[in-house]
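Visitor: I would like to learn how to read the strands and helices of a model like this one. Could you take me through it feature by feature?

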Amino acid sequence: MEKQLETIKTAAKSEIESAISRQVLEALRVKYLGKKGELTSILKQMGSLSPKERPIMGALANEVRGFIGDILDEKMKLLAKDEQIEKLKSEAIDVTIPGNTKKLGSLHPLTVVLDEVKEIFLGMGFQIATGPEVEWDYYNFEALNIPKDHPARDTQDTFYITENMLLRTQTSPVQIRVMENTKPPIRIIAPGRVYRADTVDATHSPLFHQVEGLVVDKGISMSVLKGSLMQFAKRLYGNDTKIRLRPHHFPFTEPSCEMDVSCFICGGKGCSMCKNEGWIEILGAGMVHPKVLENGGIDPNIYSGYAFGVGLERLTLFKYSINDLRLFFENDLRFLSQF
Ligand code: DAH
């Protein structure tokens, strides 16, 4: 039995020493020290020994068990360390390799300015409304006091889907849609795309953007209009900006006006931006025509309102001193990445 124990000890030692992984070591632990392992099967034979031999063999077997257990643990530690070193090596990061950066896009200049316009009006208590781009003739013209034969239609030719359905030429139809669905007080802006049968050049595009404004309440007067639009101009173009209202005509407002802002390049002295006028026209506005209020289901004897419409491309051209509107639609990164 002593010999058997000696053989087990030597075999275990050499096997453990040459083990190459922790899994192999675990298997060896089972093989030698496990319940059905080699050492256990020897211990089972102890019964056949004489009472004298028994304690001696018992001590020897225990020593072999201790020995095998010790070298197993030691080897286990060694392998774990090796594995860690291997892992660290394989996961090492070379911080000197140039990074893989993702290029971030930027907002389109029209979006930048629209966000600013929204921010200004939201701050004044306005809400944002929308309407369809494919619109009924009724909302785009008729309800806005522009009947079939009205000359105002000439400057707003558009793409007709049917005789009564068209691509909207202005955001003003949203005025009617909002009035139909909302009781005053109304305070909205309606940004969106509009379409006209215009040929592309530096200042025209068959598709462009407008922001409509509509306020309906009791006691709304021209001075409310002026105060709000002055606030808008100052916030957008700077606190020194002055405004002036010039009489104009729109079928859906009475009285109507156009609003100019003092040139933000020359401050009003005259330069190429303002064509030496010192003023730049930025929007149309007026007091909502009583007929238009009525078409929206609102009693003009109780309520009054003001409205305005502003071209987003125009605002943006001026804001960034851009001289050609086509740049907005060409998707040229050399232009777009400047914003
Ligand atoms: N819809 C007009 C246009 O496209 C702009 C406009 C002018 C809108 C006066 C208004 C307004 O609401 O009151 O030319």
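This is a predicted model: local features need pLDDT of at least 70, side-chain atom pairs count only at pLDDT 80 or more; totals for chains, interfaces and linings use all residues.

Visitor: Which residue stands opposite Met165 of E4?

Guide: Trp136 does. In general, strands of a sheet pair through backbone hydrogen bonds, either parallel or antiparallel. Here E2 and E4 belong to an open sheet of three strands, in the order E2-E4-E3, with antiparallel pairing.

Visitor: Which strands are at the edges of that sheet?

Guide: E2 (134–136) and E3 (160–162) are the edge strands, and each pairs on one side only. Neighbouring strands in this sheet are turned by 30° against each other on average, ignoring direction.

Visitor: What is the strand order in the seven-strand sheet?

Guide: The order is E1-E5-E6-E10-E9-E8-E7, in an open sheet with mixed pairing. E1 (127–128) and E7 are at its edges with a single partner strand each, so one side of each has no neighbour in the sheet.

Visitor: How do E7 and E8 pair?

Guide: E7 (residues 243–248) and E8 (residues 253–262) are antiparallel and share six bridges. The two strands form a hairpin, with four residues between them. Within this pair, Ile243 stands opposite Val261 of E8.

Visitor: And over how many bridges do E9 and E10 pair?

Guide: Five, again in the antiparallel sense, between E9 (residues 279–288) and E10 (residues 304–311). Met287 is placed opposite Tyr306 of E10. Helix H8 (residues 222–237) packs on this sheet and touches E7, E8, E9 and E10, its direction making about 150° with that of E9.

Visitor: What span should the 16 residues of H8 have, at 1.5 Å a residue?

Guide: They should span 22 Å, and the end C-alpha atoms of H8 are 22 Å apart, which agrees.

Visitor: Which residues of H8 are buried?

Guide: The buried ones are Leu225, Ser228, Leu229, Phe232, Ala233, Leu236 and Tyr237. They lie on the same side of H8, because the arc they cover around the axis is only 140°. These buried residues pack against H5, E7, E8, E9, E10 and H10. Just after the helix, Gly238 takes a positive phi of about 110°.

Visitor: H5 and H10 came up there. At what angle do their axes cross?

Guide: The axes of H5 (residues 109–123) and H10 (residues 312–319) cross at roughly 100° and come within 9 Å. That makes H5 roughly perpendicular to H10. On the H5 side, the residues that meet H10 are Pro109, Leu110, Val113, Leu114, Glu116 and Val117. Their counterparts in H10 are Leu312, Glu313, Leu315, Thr316 and Lys319.

Visitor: Let us turn to H1. How far does this helix reach from its first C-alpha to its last?

Guide: H1 (residues 2–17) has 16 residues and reaches 23 Å, close to the 22 Å expected at 1.5 Å a residue. Its buried residues are Leu5, Ile8, Lys9, Ala12 and Ile16. They cover an arc of only 100° around the axis, so they are on the same side of H1. The face turned away from that buried side carries Lys3 and Thr10, which are exposed.

Visitor: What covers the buried residues of H1?

Guide: The cover includes H2 (22–33), H3 (38–43) and H4 (53–90). H1 packs with H4 at an angle of about 0°, the axes being 10 Å apart. That makes H1 roughly parallel to H4. Among the residues of H1 that meet H4 are Leu5, Ile8 and Ala12, and those on the H4 side include Leu60, Val64 and Phe67.

Visitor: One last case. Is Tyr195 buried or exposed?

Guide: Tyr195 counts as buried, because its relative accessibility is 13% and the cut-off for buried is under 20%. The residue lies in E5 (residues 186–195). Tyr195 and Leu207 are 12 residues apart in sequence, yet 4.6 Å apart in space from C-alpha to C-alpha. Beyond its neighbours within four places in sequence, Tyr195 has contacts that include Glu133, Phe159, Leu167, Arg168 and Leu207.

Technical notes:
Residues are numbered from 1 along each chain as its sequence is written. Side-chain values use heavy atoms; hydrogens and water are left out. Two strands pair if DSSP finds at least two bridges between them. The expected span of a helix is 1.5 Å times one less than its number of residues. Buried means under 20% relative accessible area, exposed over 50%, partly exposed in between (1.4 Å probe, protein chains only). The arc is that of the directions from the helix axis to the C-beta atoms. Contact means heavy atoms within 4.5 Å. Axes are lines fitted to C-alpha atoms, for helices over the stretch in contact, and angles run from 0 to 180 degrees between N-to-C directions. Angles under 35 degrees count as roughly parallel, over 145 as roughly antiparallel, 65 to 115 as roughly perpendicular and the rest as oblique.
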